[in-house]
Amino acid sequence: MLAKLSTRPRLRRCAVTGAVGLAVLGTGLPAATNNAEPDLTRFHRQKITWAKCPGEGLPRDLQCGKVTVPLDYAHPRAGTLDLALARYRATGKKRGSVLLNFGGPGGAGIPEFTTGGKEFMELTDGYDIVTFDPRGVGRSSPVSCGDIEENVDVADDGTELGRDPRSVLEQLKKAAEACARHSGPVLRHIGTVNASRDMDVMRQALGDKKLNYLGFSYGTRLGAVYAAQFPDKVGRFVLDGVDTLTEPLTEQGVAGAKGQQKALEEFINWCVKDIACPFGQDAREARKQVVRLVDSLDEDPVPSAFGEPFSGQDLVGAIGQALYSEELWPSLERALASLVEDGDTHAIETFASGGAATGRREETEDPDGGLVDEEDIPLDNLPAALMAINCADDPDRPTAARIIDDLDRLRAEYEQASPVFGAYRLTGVLMCYGRPKGTDFIREEVKDVDTPKMLLVGTRGDPATPYRWTVETAERLGSSAVVLDNRGSGHTGYASSKCVHRKVDTFLLYGTLPADGSSCGPEDGRE
């Protein structure tokens, strides 16, 4: 499923940075002593060697490769990283490549390509279609916060946060050490600004004069940053499920809670029409039962498939994943029935893990920055990378005193936004506490881009990226932005709307854009 990644990790399963971690993360490398541009020639001249992808059961026509990028673009001789790539080759007359990013942040592109790559086969009529695992993600020097036993257990239903917020903040600082220790040097150089520069290295290694790009959800943030950094290298760009470029994490969290609450209510309205719905046939009562189930599991967790306690907040995270697409509703209904009727968490946990579980390494640091094997990707890589990237992109770092002063107001706002997702989302936005201040480049510089026309797709019923973000980002990017209004529901439009799919492919293949402000109706959903 496209761009289905959660926006908040479980605290007990993903430690975060601060305290000692702050000292480690903030040290970095010495600043350049002159204004000369670093020499990146050796990175720009590389060529990709494509070969059969390692592993069993993969599509036969899927090929894998890698590019090498500087660990630190300011000091390109100080170390390198290898980034994993995958492609399906053009079947028609090749005119270049289209690079895809499926969102997150923290989402590995290659697993998505392996399972969902056929969705893009129309594009191979003119292009190689290529995806990648960004720095710190998947096989590309994955970040991690270590084993569960090392991580700090915080009551993330908000109880402990309300009772003793200073203690919670101190626990977040302690957890920072594990993230810094297990992630290695890439953690200091993670974030969208560097990932965008990595994409320009990929463009040149692919042999393309311009970058053609299709980004979903967080991938739209990445695409917008590239357009600001390399406006003369922008080819045909599509941004689907448009992210905000300006809202602080606290406001993003409220928007996410509202969107997920609306999607949950739509799911419940659908569920109660089925005799098998575990919450009965009355929608109002079913909504109350969901809240009671979450509260009950927070008070008395049940054993999970991994032997850990499965709490109400774990359930909230799993439900949130499943609500990104109506196609998942039947599976969610069955998973909830197994939990409610039998106490069985196996099915619902597949949503929490994205449907896959991978191994866990003792250390993720590779001194050579080489690719790691699939089985060595840490189980917590997605949430660890998600928070690392979001925090690297966010310049706000309120003090502990400010957080505590604002806490009652924030809790009320989040509870009003969603009685189910509010506490979950609020805890998530505090996870940057103690980290080094993130870049202000995205808020300050990503605007009024001087590029060819770009297509921005916003979906009215998107539970993760509200339609207003599409409008606001289009206004910020300026006259280059062309908006396609998808009047359907679900996160992103390409996979759920035949109309959106057709218009996106037409633009990428032939350069024909829809009129700015034109729409695709809800009746145009995919079958």
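A disulfide (a pair of cysteine sulfur atoms within 2.5 Å) joins cysteine 499 to cysteine 520, with an S to S distance of 2.0 Å. The pair links distant parts of the chain: cysteine 499 lies in helix H18 (residues 498-510) and cysteine 520 in strand E12 (residues 518-520), 21 residues apart. Helices (H or I, at least four residues) and strands (E, at least two) are DSSP runs, numbered from the N terminus.

This is a predicted model, in which local features need pLDDT of at least 70 and side-chain atom pairs count only at pLDDT 80 or more, while totals for chains, interfaces and linings use all residues. Residues are numbered from 1 along each chain as its sequence is written, and side-chain values use heavy atoms, without hydrogens and water.

By this rule the count comes to 5 disulfides. With the bonded cysteines numbered in sequence order, the pairing is 1-2, 3-4, 5-6, 7-8, 9-10.

| Pair | S to S | S-S torsion | Hand |
|---|---|---|---|
| Cysteine 145 and cysteine 179 | 2.0 Å | 95° | right-handed |
| Cysteine 271 and cysteine 277 | 2.1 Å | about 110° | right-handed |
| Cysteine 499 and cysteine 520 | 2.0 Å | about -65° | left-handed |

Buried means under 20% relative accessible area, exposed over 50%, and partly exposed in between (1.4 Å probe, protein chains only). Cysteine 520 is buried at 0%, and cysteine 499 is buried at 5%. Cysteine 271 is buried at 1%, as is cysteine 277 at 7%.

Glutamate 266, in helix H8 (residues 249-271), is partly exposed, with a relative accessible area of 30%.
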